[in-house]
Amino acid sequence: MLGLPSSRTALAIGLCSLLISACGHHFQMVTPNRFVELDDQHQYAMRATTPDGVVIGVREIDNDPQGTLEFWEEALSNHLRLSEGYALLDSIEVQAATGQSGKQLRFGRDEGERPYHYWTTLFVTDDHIFIIEAGGQSETFEPMQGAISDAISTFRID
Amino acid sequence: MPVAAFQATNYRRELSLLPNTTRAYRMSQGTTIPVASRTWRKAVGLFLLSSLLLGCGAASYSQPSYPADSYYTTAEYQEGGALPQASGRSSARPAPIHVAQAPGSGSEVGWNAQEQLAQVPADSDQPGAAQGVSPTRPMLIYTAVFHLSVFQVEESQRQVIAVAEQMGGFLFRRDDRSVTIRVPAQRFQESIDRIEQIGDVLHRAVEVTDITQEYIDIDIRLRNALAMRDRLEALLARAETVADALQIERELQRLTAEIETMRGRLRFLDDRMAYSTITVSFEPRRPSSTPGLFRLPFSWIYELGLPSLLNLW
């Protein structure tokens with residue numbers, strides 16, 4: 001009988017830790033200056049915005065089936081370019097604060113008559129794909145590029 | 001005398017100029033018909049019949065043969081082969097004329113398909129005047145379609161039009177999402193090289209159409225028709241009766257319409273050969289328009305993009 005409470009306790013602790021693990025994220029990133037982080041962002045693990053419509057968001061997706069950084073980079077680039085008409089303006093190597101190599105694809109696209117910028121930064125581990133998206137209308141996005149790059153450089157993968 | 005000018009008044013005037021023996025017939029009275037006219041009718045009938053047969057059957061020629069390296073196809077280009085610079089046909093030719101003079105005047109541009117045909121006087125009345133026509137090289141029409149990314153569309157369109165102007169071409173059509181230019185065929189390759197620098201090219205298709213056979217067919221039929229027209233005009237001048245004259249005139253009218261149609265088609269082909277057409281579209285090819293297109297089974301990829309990121313609600 002004495003063992004029961006300890007079993008319950010162990011089970012409760014186990015379930016609790018499982019929930020934290022499921023609900024939690026496997027990254028950390030400093031929110032850039034002038035951005036406000038938003039709650040309950042559904043498909044985004046984190047999303048923040050400026051008052052004038054520059055948005056940064058992070059998606060965390062299971063790397064299943066497991067693909068390499070090159071695979072996901074090509075899949076993402078093909079879809080955005082060929083199906084959505086985004087212009088691939090640049091492709092640069094980046095590195096997470098924890099040392100993982102990643103790829104940043106810088107796209108441009110007109111929405112209505114106005115040009116927009118859209119960056120996707122990709123980090124891939126055995127278990128997860130992290131996609132940091134940043135975008136906004138060119139005239140408001142361009143002044144924020146430095147702050148966005150700085151924030152991405154603080155990205156840590158747990 | 002141009003056939004189109006054959007109005008009823010002219011016809012009457014010509015009749016009045018005929019020798020006295022044939023002027024025995026007067027249109028206003030229409031009662032005196034010389035005996036000799038029956039023979040004329042037969043002659044006219046036989047002539048028309050033989051002319052029609054000639055028109056259908058005389059357009060024979062031997063199929064031209066070209067050196068293998070002078071013939072280009074879409075497939076070759078898509079596999080990475082270079083399109084012709086057209087240096088072979090452009091080097092010895094004058095530079096293209098100014099844009100403003102180009103539309104609709106293929107025979108005025110720097111390179112004219114007619115030059116490729118052996119010179120046979122168009123107004124020759126020699127039977128079988130078209131015999132001996134032979135092309136010296138294939139007659140090709142170049143067209144290209146580009147899909148560029150949808151970014152800074154207006155500026156990109158301006159750059160495409162600038163390419164056309166720099167190449168000696170002109171803007172052909174423009175709307176919100178596409179622009180079509182015409183450039184001299186000699187500078188087709190150079191033009192598409194420059195357009196590829198303007199934006200992110202999502203898709204390209206280059207097509208080369210060989211119109212040699214069609215061109216030669218029409219050219220031969222035109223020459224035969226012109227020769228027949230000359231003979232009909234000569235026959236009309238000697239017609240003795242109204243019935244004969246009207247019959248010839250009807251045939252002349254039919255022939256005139258045919259001649260104009262053929263000339264129009266040749267002008268069109270000349271123009272298409274002299275100026276290549278390049279369309280630049282700023283729309284991606286939608287998957288829905290190409291059923292069976294490969295799609296990755298990762299739904300999150302299709303959620304990426306600005307609309308999803310920027311919609312904070």
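Modeller: Gln152(B) lies in the loop of chain B between strand 1 (140–148) and helix 5 (153–166). The model is a predicted one. Gln152(B) is not a glycine, yet its phi is positive, near 50 degrees. Is Gln152(B) buried or exposed? Gln152(B) counts as buried because 20 C-beta neighbours lie inside 10 Å, and 20 or more is what that class requires.

Arg34(A) sits in the loop that links strand 1 (27–28) to strand 2 of chain A. With 14 other C-beta atoms within 10 Å, Arg34(A) is partly exposed. Another backbone feature of chain A is the cis peptide bond between Asp64(A) and Pro65(A), where omega is about 0 degrees. Pro65(A) belongs to the loop between strand 4 and helix 2 of chain A.

Back in chain B, helix 8 covers residues 242–274. Its 33 residues should span 48 Å at 1.5 Å a residue, and the end C-alpha atoms are 47 Å apart, so the two values agree. Buried residues of helix 8 include Asp244(B), Ala245(B), Ile248(B) and Glu251(B). Asp270(B), Asp271(B), Arg272(B), Met273(B) and Ala274(B) of that helix are buried as well.

Next, the sheet of chain A. Seven strands form an open sheet in the order 2-3-4-8-7-6-5, with antiparallel pairing. Strand 2 (36–38) and strand 5 stand at the edges with a single partner strand each, so one side of each has no neighbour in the sheet. From one strand to the next, the twist averages 20 degrees. Within this chain, strand 7 and strand 8 run antiparallel and are joined by nine bridges. Tyr118(A) stands opposite Gly135(A), a residue of strand 8 of chain A.

Finally, the two chains meet. Contacts involve 30 residues of chain A and 22 residues of chain B. On the side of chain A that touches chain B, at least two residues each come from strand 4 (55–62), helix 2 (69–83), strand 5 (87–95), strand 6 (101–111), strand 7 (114–124) and strand 8 (128–137) of chain A. Helix 2 of chain A gives the largest share of that side, seven residues. By type, the residues of chain A on that side are 13 nonpolar, 10 polar and seven charged.

Notes
Residues numbered from 1 in each chain as written. Chains lettered and ligands numbered in written order. Predicted model: local features only at pLDDT ≥ 70, side-chain atom pairs only at ≥ 80, totals over all residues. Contact = placed C-beta atoms within 7 Å. Helix = DSSP H or I, 4+ residues; strand = E, 2+ residues; numbered from the N terminus. Nonpolar A, V, L, I, M, F, W, Y, C, P; charged D, E, K, R; others polar. Expected span 1.5 Å × (residues − 1). Buried ≥ 20, exposed ≤ 12 C-beta atoms within 10 Å, placed from the backbone. Pairing = 2+ DSSP bridges. Axes fitted to C-alpha atoms, helices over the stretch in contact; angles between N-to-C directions.
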